[in-house]
Amino acid sequence: MKKHIASVSFGKDSLAMLLRLLEENKPLDEVVFYDTGMEFNAIYNIRDKVIEMLKDKNIKFTELKPKCNFEYCMFEKPVKVGKPNEHKGYSWCGGRCRWGTMEKISTIEKYCENAYEYVGIAVDEPQRLQKERKGNKLFPLEEWNMTEKDCLSYCYANGFDWVEDGIHLYDILDRVSCWCCANKNLKELKNYYLYLPTYWEKLKQLQSKTDRPFKYNKYTIFDLEEKFKKEKKDGDIR
Ligand code: SF4
């Protein structure tokens, strides 16, 4: 018989899916988490809490990882070897160059190919649902009519939150994905600068290793720091 595996990133949607699958005693043999190595500490804390819950219920937990270290891929990995534009590393991940996501999706899909895979996409993300609707994937959040907002409330109501430096990440970020994700918008990045100084410093360290701008092919993290500093000085701290 095919196994049931929940693919969980420990963001609000996939966590809400997992918690409700457990609450409703749906078939669940295994939980799989793909660790990019660049997750927020809050994600790892939630993972550790969930691992204990799963042990109590005798449900297997599996952690998958990229073939090579994320920072090695960013800065060291030989790319386009033997071609005129040979260089080292893919630089930032995000936008049109989502090299980390491609490996993540293919690794999880391969792992789950002979099982039913529960995927945590909220009902108010119809485009993502349409794109992912294939093969052996199941979408319980859609079945339960749970929106992104419902998922966050459900996680909070079950005692799960994402706190860093005393800040609830979902108060200041649209998505809690890799902390170095180039898909973060300017509002989120400004919130990093204002409220998450540890991660802002980490972004600066990464930027110091690559010339490629972080945002819109225009702003490096250092440019953004100047921009946000000026906005803060001018009293525009939204
Ligand atoms: S969340 Fe962003 S940085 Fe992480 S793998 Fe996906 S696109 Fe890349």
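Does Lys 80 count as buried or exposed, and how many C-beta neighbours has Lys 80 inside 10 Å? The first legend gives the reply; the model in every view is predicted.

**View A. Lys 80 and Asn 85 in the loop between S4 and S5 of the predicted model.** Lys 80 has 9 C-beta neighbours inside 10 Å and therefore counts as exposed. Its backbone shows a phi near 55°, a positive value in a residue that is not glycine. The loop that holds Lys 80 runs between S4 and S5, with strand S4 spanning 78-79 and strand S5 spanning 87-88. Asn 85 is found in this loop as well. With 6 other C-beta atoms within 10 Å, Asn 85 is exposed. Between the C-alpha atoms of Asn 85 and Leu 224 the separation is 28 Å, for two residues that stand 139 residues apart along the chain.

**View B. Phe 10 in the loop that leads from S1 to H1.** Phe 10 lies between strand S1 (4-7) and H1. Its phi is near 70°, which is positive although the residue is other than glycine. Phe 10 counts as buried because 26 C-beta neighbours lie inside 10 Å, the cut-off for burial being 20 or more.

**View C. The crossing of helices H1 and H7.** The axes of H1 (residues 12-23) and H7 (residues 148-157) come within 8 Å and cross at roughly 60°. H1 is therefore oblique to H7. The crossing of the two helices is left-handed. On the H1 side the contact is formed by Lys 12, Asp 13, Leu 15, Ala 16, Leu 19 and Arg 20, which meet Glu 148, Cys 151, Leu 152, Tyr 154 and Cys 155 of H7. Classified by residue type, this contact of H1 with H7 comprises seven nonpolar and four charged residues, with no polar ones.

**View D. The buried and exposed faces of helix H7.** Glu 148, Cys 151, Leu 152, Tyr 154 and Cys 155 are the buried residues of H7. Around the axis they cover an arc of only 160°, which puts them on the same side of H7. An α-helix has 3.6 residues a turn, so residues three or four places apart point the same way. The partners against which the buried residues of H7 pack are H1, helix H6 (140-143) and helix H8 (169-172). Turned away from the buried side, the other face carries the exposed residues Lys 149 and Ala 157. Just after H7, Gly 159 takes a positive phi of about 85°.

**View E. Helix H10 and the helices that cover it.** In H10 (residues 197-207), the buried residues are Trp 200, Leu 203 and Gln 207. They fall within an arc of 55° when seen down the axis, so they line one face of the helix. Their cover includes helix H9 (186-195) and helix H11 (221-233). The face turned away from the buried side of H10 carries the exposed residues Thr 198, Glu 201 and Gln 205.

**View F. Two partly exposed residues, Glu 231 and Asn 69.** Glu 231, in helix H11, has 15 C-beta neighbours inside 10 Å and so counts as partly exposed. From C-alpha to C-alpha, Glu 231 and Lys 190 are 9.7 Å apart in space and 41 residues apart in sequence. Asn 69 has its place in the loop between strand S3 (60-64) and helix H3 (70-75). With 14 other C-beta atoms within 10 Å, Asn 69 is partly exposed. Asn 69 and Met 38, 31 residues apart in sequence, are 9.7 Å apart in space, C-alpha to C-alpha.

Methods
Residues are numbered from 1 along each chain as its sequence is written. This is a predicted model: local features need pLDDT of at least 70, side-chain atom pairs count only at pLDDT 80 or more; totals for chains, interfaces and linings use all residues. Axes are lines fitted to C-alpha atoms, for helices over the stretch in contact, and angles run from 0 to 180 degrees between N-to-C directions. Helices (H or I, at least four residues) and strands (E, at least two) are DSSP runs, numbered from the N terminus. Angles under 35 degrees count as roughly parallel, over 145 as roughly antiparallel, 65 to 115 as roughly perpendicular and the rest as oblique. A crossing is left-handed if the near helix is turned anticlockwise from the far one by less than a right angle, and right-handed if clockwise. Two residues are in contact if their C-beta atoms, placed from the backbone, lie within 7 Å. Ala, Val, Leu, Ile, Met, Phe, Trp, Tyr, Cys and Pro count as nonpolar, Asp, Glu, Lys and Arg as charged, and the others, Gly among them, as polar. A residue is buried if 20 or more other C-beta atoms lie within 10 Å of its own, exposed if 12 or fewer, and partly exposed in between; C-beta atoms are placed from the backbone. The arc is that of the directions from the helix axis to the C-beta atoms.
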